[in-house]
Amino acid sequence: MRKKQFKAESKKLLDLMINSIYTHREIFLRELISNASDAIDKLYFLSLTDDGVGLNREDFEIRLDLNEAEKTFVISDNGIGMTEDELENNLGTIARSGSSLFKNENGDAEDIDIIGQFGVGFYSAFMVSKKIVVETKAYGSDTALRWTSEGVDGYTIEPVAKENVGTTITLYLKDDDEEEKYSEYATEFKVRNLVKKYSDYIRYPIRMDVSRVRPVENGEEGETETVIETETLNSMIPLWRKNKSEITKEEYQQFYQDKFYDYTEPLKIIHSKTEGLATYDALLYIPGRAPYDYYTKDYEKGLALYASGVLITDKCGDLLPDYYSFVKGLVDSADLSLNISREMLQHDRQLQFIAKAIDKKITSELTTMLKKDRETYEKFFSIFGVQLKFGVYDEFGVHKDELKDLLLFYSSTEKKPVTLKEYRDRMPEEQEKIYYACGSSTEKIDLLPQTDAAKAKGYEILYLTDNIDEFVLQILLEYEGKRFVNVSADDAGLVSEEEQAAVKDENEAAKDMLDYMKDVIGEDIKGVRFTHKLKKHAVCLTSEGKISLEMERVLKSMPTDSNVKAEIYLDINADHPVTAKLKAAYAEDKEALADYARILYAQARLIGGMSVDDPVALTEMICSLIAQDK
Ligand code: ADP
Ligand code: MG
């Protein structure tokens, strides 16, 4: 029989498993039981539409057989089994759930961590075994197969006699050492405890023959006998069906870890039982960190869907709106027909109803968190806030009313994230607009000259640091009657009418000079103007119209071709000493003025966080100014 090799990355994981210093070796039991339960789920699901299966719900079981003397642990299921191809693909390759991640984070330093943090599935059995034998017969197949492996060396597959459909896995336990008593995994006591700890809610009975000492019936006083009885080790009541009061935080957490392979504590657990138009139990988790692939296109949203306790699909995307795609969990409803096909789900009215209710539930839980547990909410928002913002922006803003009060933006005066409502409630009476400014970090925005005028009036400014932020505010348009406006926009309303009139006169008086400067700078800008809105700085860029500079930058960075252009003006502080210098140069030395114009424009770009087109030319101009020694 030819020995086959494990696929490369599987080999590596296997190696880690075998030589692991990971201390929770006992989780192998949970992994094997969960696989058995999955396999039964699959066959049971088939049995609903396929009479050929010939098994009823109560016929399905997982059996454990222990042999203390031989130090073996056997787990059998009458689930769907595996074909030869499946054996090759499933057990010859690293578990799919962990595989992509393993490839991504293949750094050796993290190796041990990977084992601790993610479901490693079948291979975890190698943490406790020196040899593993899998005998399996797939549903619909008339031959059975035996897969044998002693670890990294590879595995063999050969035919075997096996009557019933399903899978039997035998672990030949490692010899005990100082660190671990592997032989315990062949003892009733240990195994019973582990099943209770990790697999109590598995919906199929996990049965084991146990020996009991009992008094002999009609026997002598004190006479006992040992009998073998089959015991069901698990309660089989799914966690979500139990009453909230009966569930500990640890159980909720354990369930989350087992099911979603996330070992960080969830930020929020939502367990709700709903009766009425739709009857369902929902158990939802808001993760404490974004899944590693969350912001990639590989990420698939969805909740597991059960119909009366039977798994219909692992991921029903229709149950969650995109803006809550980070939520993990499940829904179990008695209203859904069991043999509904996965394709039909989409059109199921009952399901749409449940989805709506879940959407509302999540919104109200987040709202409560925001009110009652600000710290956790801020953490939540720092992880998933961008998703909520996408939600506001998406579909032309149809969800904006549901989401707008969940948004947080950094406040210039509070120095922390605030809600729009908080900003609105604090606004002084004469303030007519809600001000915001954009940049790559709150520190950088704080230095922007464009913020001077609003600050001088004592107005709060929202600092927008995410690319999407300004688009979000534009979709929202206003909050409780106050429009959002970029501090650097022309219509920010931060300059008094007298000042505006004065500036208009100054601009007209210096029109020739300003036009000259504009011509030097070129098509990038619409014009050069004087302003009184700057306090300290000499120049800044101001945009007019709907598209701000930041929006232009974001749109340009997107793969789709974008021709939108912000209408930009170079604003010069009329009270700044450079202004006199410019006027003098216009009268005496136009070439110098041209250089000044270029330098000022470059400065305004740099202050605004943009790059300059020709840094070399700019540097040379500045050097020649220094060299002039004036
Ligand atoms: P995962 O369960 O995350 O897919 P595992 O390593 O636990 O990863 O299992 C790999 C695959 O092997 C499973 O997806 C399943 O297809 C198959 N498998 C494992 N155990 C069984 C079993 N008892 N019966 C049928 N198939 C199984
Ligand atoms: Mg598994």
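**Close-up 1. Helix α16 lies across strands β20 and β22 in this predicted model.** The helix runs at about 135 degrees to β20. Residues 511-521 make up α16, and residues 527-531 make up β20. Strand β22 covers residues 567-573.

**Close-up 2. Strands β20, β22 and β21 form an open sheet, in that order.** The sheet has three strands, and their pairing is mixed. At its edges are β20 and β21 (539-544), each of which pairs on one side only. Ignoring direction, neighbouring strands of the sheet are turned by 35 degrees against each other on average.

**Close-up 3. Strands β21 and β22 pair in the antiparallel sense.** Six bridges join the two strands. In one of the bridges, threonine 542 has tyrosine 569 of β22 as its partner.

**Close-up 4. Helices α16 and α19 cross at roughly 65 degrees.** Helix α19 spans residues 590-607, and its axis comes within 9 Å of the axis of α16. Angles of 65 to 115 degrees count as roughly perpendicular, and the two helices are therefore roughly perpendicular to each other. Their crossing is right-handed.

**Close-up 5. Residues of α16 and α19 make the contact between the two helices.** From α16 come Met513, Tyr516, Met517, Val520 and Ile521. Helix α19 contributes Lys590, Glu591, Leu593, Ala594, Ala597, Arg598, Leu600 and Tyr601. By class, 10 of the contact residues are nonpolar and three are charged, while no polar residue takes part.

Key. Residues are numbered from 1 along each chain as its sequence is written. Chains are lettered from A and ligands numbered from 1 in the order in which they are written. This is a predicted model: local features need pLDDT of at least 70, side-chain atom pairs count only at pLDDT 80 or more; totals for chains, interfaces and linings use all residues. Side-chain values use heavy atoms; hydrogens and water are left out. Axes are lines fitted to C-alpha atoms, for helices over the stretch in contact, and angles run from 0 to 180 degrees between N-to-C directions. Helices (H or I, at least four residues) and strands (E, at least two) are DSSP runs, numbered from the N terminus. Angles under 35 degrees count as roughly parallel, over 145 as roughly antiparallel, 65 to 115 as roughly perpendicular and the rest as oblique. A crossing is left-handed if the near helix is turned anticlockwise from the far one by less than a right angle, and right-handed if clockwise. Contact means heavy atoms within 4.5 Å. Ala, Val, Leu, Ile, Met, Phe, Trp, Tyr, Cys and Pro count as nonpolar, Asp, Glu, Lys and Arg as charged, and the others, Gly among them, as polar. Two strands pair if DSSP finds at least two bridges between them.
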